[in-house]
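Here is a short tour to read alongside the sequence and the 3D view. Have both open, and let us begin with a question.

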Amino acid sequence: MHFCKMPSGAQMPAFGIGTWRMGESRRRRAQELEAVKYALELGYPMVDTAEMYGDGEAEEIVGEALIGQPRPFVVSKVYPHNATLSGTIAACERSLKRLKLERIDLYLLHWRGGARLEQTFEAFHRLRDAGKIADFGVSNFDTDDMEAAAGLDKGLTASNQVLYCLSRRGPEYDLLPWMRQRSIPLMAYSPLDQGGLLGSAPLLKIAAEVGCTPAQLAIAWVLAQPGVATIPKSSTRERVKENLGALAVTLSPEVLAALDRAFPPPRRKQSLEML
Ligand code: NDP
């Protein structure tokens with residue numbers, strides 16, 4: 001297991017489970033709870049959630065799954081329409097309640113909306129001073145948004161969670177170098193492109209040569225990028241276990257070169273994509 005060091009000096013695990021789409025249906029709830037519990041039992045060191053997911057229900061599921069388990073690193077996010085000074089503080093308190101926690105390890109602004117960034121960051125600083133969050137950061141911020149945030153965060157933006165996977169390598173052109181220069185880890189969401197990557201013929205072929213599954217190859221590639229963490233989501237036990245297996249996959253320079261040929265890195269600036 002490797003970790004990424006955040007500007008505060010604290011460490012963030014490079015791997016965890018995502019929870020988007022969890023908590024949206026009562027019919028699937030028990031299976032989703034079981035999947036998150038199982039991930040924690042297997043030793044997933046991080047869980048990513050948000051007040052948006054299932055309208056708070058995904059946080060409830062995470063809170064239930066945490067009972068009796070070793071405490072993972074917990075990431076949650078505030079909705080942009082709640083991200084005023086008082087709104088952020090109130091949203092965080094609601095999230096803590098649903099998660100049944102006293103502190104969120106990393107609290108993110110889900111995307112840049114109408115609220116003034118100054119206000120959101122002021123709320124983040126106050127929450128940090130009060131011990132309700134350990135670190136804070138942003139999500140879906142392109143390089144210009146990161147520049148804007150940099151003046152307001154006292155150098156403490158801990159991470160930027162963005163869409164980044166083999167089939168969406170745009171951040172490599174300027175965002176990832178910008179973040180690396182400042183030692184800010186990038187948290188890659190949708191490392192499987194929400195499952196869309198997994199039918200790709202070159203991915204299937206290279207995975208067979210490496211001796212792993214396509215999902216493991218896609219996740220291992222993200223984890224092979226310095227300063228990058230990732231949070232694949234699954235609600236099925238077998239896949240939760242399979243995805244963890246990516247940590248044991250080592251990619252040789254030849255395999256990385258074959259992946260570059262199949263999924264070329266960007267040659268020019270691409271605006272950050274968002275799901
Ligand atoms: P992922 O790339 O993680 O893919 C999830 C999909 O792939 C699900 O449909 C899942 O189905 C399927 N899947 C998972 N593992 C396997 C496997 N081994 N084989 C085949 N299929 C598999 O997409 P997400 O969009 O969920 O991204 C991951 C997490 O990132 C989210 O859950 C969320 O926490 C975060 N996120 C953040 C965003 C942001 O704006 N900040 C936006 C999007 C995501 P099943 O569950 O049935 O196994």
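In which loop does Lys100 lie? Lys100 sits in the loop between α3 and β5 (104-109). Keep in mind throughout that this is a predicted model.

## Two residues with positive phi

Most residues other than glycine have a negative phi. Lys100 is not a glycine, yet its phi is positive, about 60°. With a relative accessibility of 48%, Lys100 counts as partly exposed.

Ser183 is another residue to look at: it is not a glycine either, and its phi is positive at about 55°. You will find Ser183 in the loop between α6 (175-181) and β8 (186-189). Its relative accessibility is 48%, so Ser183 counts as partly exposed.

## How α1 and α2 meet

Two packed helices are described by the angle between their axes and the distance between the axes. For helix α1 (residues 26-42) and helix α2 (residues 57-66), the angle is about 50° and the axes are 9 Å apart. That makes α1 oblique to α2, and their crossing is right-handed. On the α1 side, the contact is made by Arg29, Glu32, Leu33, Val36, Lys37 and Leu40. The α2 side supplies Glu57, Glu60, Ile61, Glu64, Ala65 and Leu66.

Is Glu32 buried or exposed? Its relative accessible area is 2%, so Glu32 is buried. Setting aside neighbours within four places in sequence, Glu32 is in contact with Arg21, Met22, Gly23, Ile61 and Ser235.

## The covering of α2

Helix α2 is mostly covered, with seven of its 10 residues buried. These are Ala58, Glu59, Ile61, Val62, Gly63, Ala65 and Leu66. What covers them includes α1, β3 (46-48), β4 (73-78) and α3 (85-99). Just after α2 comes Gly68, with a positive phi of about 80°.

An α-helix has 3.6 residues a turn, so residues three or four places apart point the same way. Which residues of helix α7 (residues 201-210) are buried? They are Leu203, Ile206 and Ala207. Seen down the axis of α7, these residues fall within an arc of 105°, so they line one face of the helix.

The face turned away from that buried side carries the exposed residues Ala201, Lys205, Ala208 and Glu209. The buried residues of α7 pack against α8 (214-223) and α10 (253-262). After α7 comes Gly211, with a positive phi near 90°.

## The largest nonpolar core

In soluble globular proteins, nonpolar side chains tend to be buried together. Here, the largest nonpolar core has 91 residues, and those touching the most other members are Met12, Tyr107, Leu217 and Leu259. Helix α8 gives the most to this core, with eight residues.

What does Leu259 contact, leaving aside its neighbours within four places in sequence? Its partners are Leu166, Arg169, Leu203, Ile206, Leu217, Trp221 and Leu251. Leu203 and Ile206 are among the buried residues of α7.

## An exposed loop residue

To finish, turn to Ala248, in the loop between α9 (237-244) and α10. Its relative accessible area is 67%, so Ala248 is exposed. Ala248 and Gln216 are 32 residues apart along the chain, and their C-alpha atoms are separated by 9.1 Å.

Note on methods. Residues are numbered from 1 along each chain as its sequence is written. This is a predicted model: local features need pLDDT of at least 70, side-chain atom pairs count only at pLDDT 80 or more; totals for chains, interfaces and linings use all residues. Side-chain values use heavy atoms; hydrogens and water are left out. Buried means under 20% relative accessible area, exposed over 50%, partly exposed in between (1.4 Å probe, protein chains only). Helices (H or I, at least four residues) and strands (E, at least two) are DSSP runs, numbered from the N terminus. The arc is that of the directions from the helix axis to the C-beta atoms. Contact means heavy atoms within 4.5 Å. A nonpolar core is a set of buried Ala, Val, Leu, Ile, Met, Phe, Trp, Tyr and Cys residues joined through side-chain atoms within 4.5 Å. Axes are lines fitted to C-alpha atoms, for helices over the stretch in contact, and angles run from 0 to 180 degrees between N-to-C directions. Angles under 35 degrees count as roughly parallel, over 145 as roughly antiparallel, 65 to 115 as roughly perpendicular and the rest as oblique. A crossing is left-handed if the near helix is turned anticlockwise from the far one by less than a right angle, and right-handed if clockwise.
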